[in-house]
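Me: I'd like a close look at one part of this protein, namely the backbone in its loops. Please start with the overall picture and then zoom in.

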Amino acid sequence: MLTSSLTTPVRSYFRFPRLFSPPHLASVRYASLNSAIGRGIRRTRANVKDSPREDGYRQNARSSPPKESRPPRTEDRRRNEEKRPMSDFDEDEFIKTGKFRALPREHQKFSGNRKGRDADEPQQNQRPKKAEKIKPHRSTETLPERVKENVKVPDTLPYTSPASEFIYGTSAVEAALRCSRRKLYTLYLYLSAGEELSPSKNALRKIALAKDIKVKLAFGDWDRLLDKMSAGRPHNGCIVEASHLPQLPVKSLKKVDSVEEDHFSVELGSQSREEAMVNGMNNRIAIHHSKDRRRFPVLLLLDGVVDPGNLGAIIRSSYYLGVDAIIFAGKNSAPLSPVTIKASAGAAENMTLFDVRNEVEFIQRSKENGWRFYAADAPGPGSTFVDSLSAGGDAATGSGLGIAQAPSVIMMGSEGAGLSNHIKSHADSIVSIPGSRFSGELGVEADPARVDSLNVSVAAALLMEMFLRVPLAVSDVPQKEKTRA
C-alpha cells in the first residue's frame, strides 16, 4: 500500500527535483501531479518572500528587483543559455510563471487540464485565420455574367417546341436575329476560360436582348453540348434555337402586266393553321429592281438538289444577284436544314421561299399567265449560241430569249442527272453554259477530260447573272500613301 501511495510524488520528484525534498516523500500524499506542482510553487514563493538578498533588496512574489540592482549575467551563464536546446525544461521560467510553455511537446499532455485564467488564453502562435474575401463580380460589356464553376452540364438539351431547330454559325445566327422571320427562343454564346465577349458576340447579345430573346452564356464543358447541338459542325460559339423558315405553298404564278410593277402575286395552296402561323398568308412578293433600270421578275426553281452545301451556295448566290424568289419542287431535294442555312451565310433568312407540291401543274398554270420557263442542261451538239447582251430580244419575232419582255423562271436539276424529263419537257427553252473546249460538231467528245458541265451552284450563279444582266463594277486601284522619311 505504501508503494502505491507514493507513486505520484516519486514521479514528480524525478521530473522536478528542486521542488520536492526527500522528507516529504513519506509524509505527503498528493492527489495528482497538478496539485503537487501547485503546492511546490506556493512553498517556493513563501520561502523566497521574506528572504533577504545580499544587496539589501527585499524580494516578494509579486515584485522584481530593479534593473540596476539585478546581478549581471556572467559570460558562462550567457553561453549556457545560448547552447541550451529549446526542448529542455526551463526551471526558472516554470518557477516564475507556473506555465508549461517551455516543456517539450511530448510532456505537455496535461496542459489542457489547467484551470483558471491561463486555460482561457489563446496560444500565442495561433492566430485566427481571415476568411478569404470573394470579390463581387461587376458586369461589363465583355463579361456580363459571372463564370459559374462546378455547374453540371446537361447531357442533352431538348427543343422548346417540336418545330424547333438549332441554327449555328456567326453569320447565320446574326441573320436570323436581324431578319426576324422565325420565332426565336434562346441564344447560346460560349466563352472559353479567360475569354471575354468578342465584338461580334457582344453585338449578337445586344440584338437578342433588344428583341426580348433569352441569352445564355455558356462556360466550361458546355462546348461539348454545343457540339451536339450543331451535330459536330463548326458553330463558332454561337447557336440560336428557332422555328423553321417559312416556305409559302404556291399553286401558280399570276400575271405580271409590265416592268413598272413593284410586286407580283401568287396563288396560295392549302395549309393548316399551324403552318399558316409560320409561313404567313401574304401572296404579294416584292420585285428587286436595280437602280438604273426596271425589269420583270426572275425566279429560280430547284428540283432534286440533294447536297445541302450546294443548296446553301445557290441560295446565297440568288440572294446576292437579286433573284426574287426560290421555288422548291419535287420530293428528293435537300431540306432547309441548319447545314444549308450555314452554307447560305444567312441569305436564306431573308430570301422568299416557295414550296410547290405538283410541279407540272404549277408550270402549266404559270405559263398560261405569261411566265416563261428555262431548263438548265449540259450543252449539246445542236445548241445555238446567243450573246447575253442580246438576250433581251423580242419573244414574238424569236430574236433572243425574250427575258426582258416576260417574267422568267430558271429551272436547275440535281448534281448528277440534272432535271427530270417530266419537268424538262414542259420548258420553253433549254439553256446551257458552253465551255471553252466545247466543239459544236463533236460536243463533249472533243475534250479528253470529258468535263461537260459545272457544279450546280456555279452554273446557277452564271445563269442568274446572264438573265439578270448584272453590270460589272469597275473602280480605280487605291494609291498607296507615301511614307515620310
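Reply: Let's say that two residues are in contact when they have heavy atoms within 4.5 Å of each other. Of the contacts in the protein with a separation of 6 or more, 72% are between residues 24 or more positions apart. Keep in mind that this is a predicted model, where local features need pLDDT of at least 70 and side-chain atom pairs count only at pLDDT 80 or more, while totals for chains, interfaces and linings use all residues. Numbering runs from 1 along each chain as its sequence is written, and side-chain values use heavy atoms, with hydrogens and water left out.

The protein has 16 helices and 13 strands, taken as DSSP runs numbered from the N terminus (helices: H or I, at least four residues; strands: E, at least two). Of its 485 residues, 33% are buried, meaning under 20% relative accessible area; exposed is over 50%, and partly exposed is in between (1.4 Å probe, protein chains only).

Now for the loops. Most residues other than glycine have a negative phi. Ser180 has a positive one, near 60 degrees. You'll find Ser180 in the loop that links α8 (170-179) to β2 (184-190). With a relative accessible area of 40%, Ser180 is partly exposed.

Then there's Asn236, where phi is positive and near 60 degrees. Asn236 sits in the loop between α10 (222-229) and β4 (238-243). Its relative accessibility is 46%, so Asn236 counts as partly exposed.
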